[in-house]
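Hi,

Here is the structure I promised to pass on. My notes on what turned up in it follow below.

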Amino acid sequence: MAESASQSSDPAKGEELRDLVQRFMASLAEFSRRLPFDVDLQKLCSITTLAALAITLVFAWKLLRTPPEQQRRQRRRPSSSSNLSINNLHSNTSLRSSEVCSSSGDSRVQCAVNEFFQPLELALEQLVRHKLNEGRKVTCRLLGVVLDETTPEELQKQATVRSSVLEVLLQIAKFCDVYLMERVLDDESGERVLSALDDSGVFTAGGLIREKVLFCGTENGRISFVRQLEPDWHVDTNAEIIHQLTRFIKYLLHVTPDRPQNTASNVFISTSLEQFFGDLDQR
């Protein structure tokens, strides 16, 4: 009887393995499409095939070593337990997927795929490096990007560094020569900005350099700075400046809450610096 039950379970295991391989390859292809750079599909196919074979061997061993009696006990678990496990998986990502997944074939395959892809969650450092696309020099305006303030008039009263941008800014500085720049109405505004940056710790965290914070008196002055420095990336909130620089700068990031139409192919749009460099789906 036990031998007969074991033989009858083999086709089900085979179906699970085939389903697993198909889901794995589809998931890997989807992940590659979300990357901010092009992937050679032929190479991807080869890599996918090798990875799929490896995963198939691992899970074949796991499935085949499971005693048939234990599998039958798992199948007899009430469905309410299965539903509770799935709800727990969505509400608490810290639990291991093997502890919360249903024992049904589809759920086990899906959980195996999810568990495999957990390490592919890219760290911020990796995301920033991918988005920079081998860029080695970045220029960035301060108002509305690094600072809470959005006009030079506000800088005559105060300067506040946005806490949410600090981590991304320092990660960019790991890979790039970073220049910050802004138009100011007086010298005191410039000193106020430098003091705010100093207090935020960006100069002591091993990334930004105080002497690379530049000030000018006009918007054209900022354009002149950028053209002289010839960066790979420029970040700005001024649509006109972005437009004027499209012919000279490789990549431009326009920080704006709107979605401008008919932008050049080398212009990227985002609501903030940290949103663009910290989100894989932003392209």
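Helices α7 and α9 cross in a right-handed sense (the near helix is turned clockwise from the far one by less than a right angle). This is a predicted model, in which local features need pLDDT of at least 70 and side-chain atom pairs count only at pLDDT 80 or more, while totals for chains, interfaces and linings use all residues. Residues are numbered from 1 along each chain as its sequence is written, and side-chain values use heavy atoms, leaving out hydrogens and water.

The contact (heavy atoms within 4.5 Å) between the two helices involves Leu124, Glu125, Val128, Arg129 and Leu132 of α7, together with Glu167, Val168, Gln171, Ile172, Lys174 and Phe175 of α9.

Glu182 is buried, at 0% relative accessible area (buried means under 20%, with a 1.4 Å probe and protein chains only). Its side chain makes a polar contact with the side chain of Arg141 at 2.6 Å (a pair of N or O atoms within 3.5 Å, one able to donate a hydrogen and the other to accept it; residues adjacent in sequence count only if both atoms are side-chain atoms). Leaving aside residues up to four places away in sequence, Glu182 also touches others, including Leu155, Phe215 and Arg222.

Finally, Val235 sits in strand β4, residues 233–236, and is buried with a relative accessible area of 1%.

Best wishes

Definitions and conventions. Buried < 20%, exposed > 50% of the residue type's maximum accessible area, 1.4 Å probe, protein only. Helix = DSSP H or I, 4+ residues; strand = E, 2+ residues; numbered from the N terminus.
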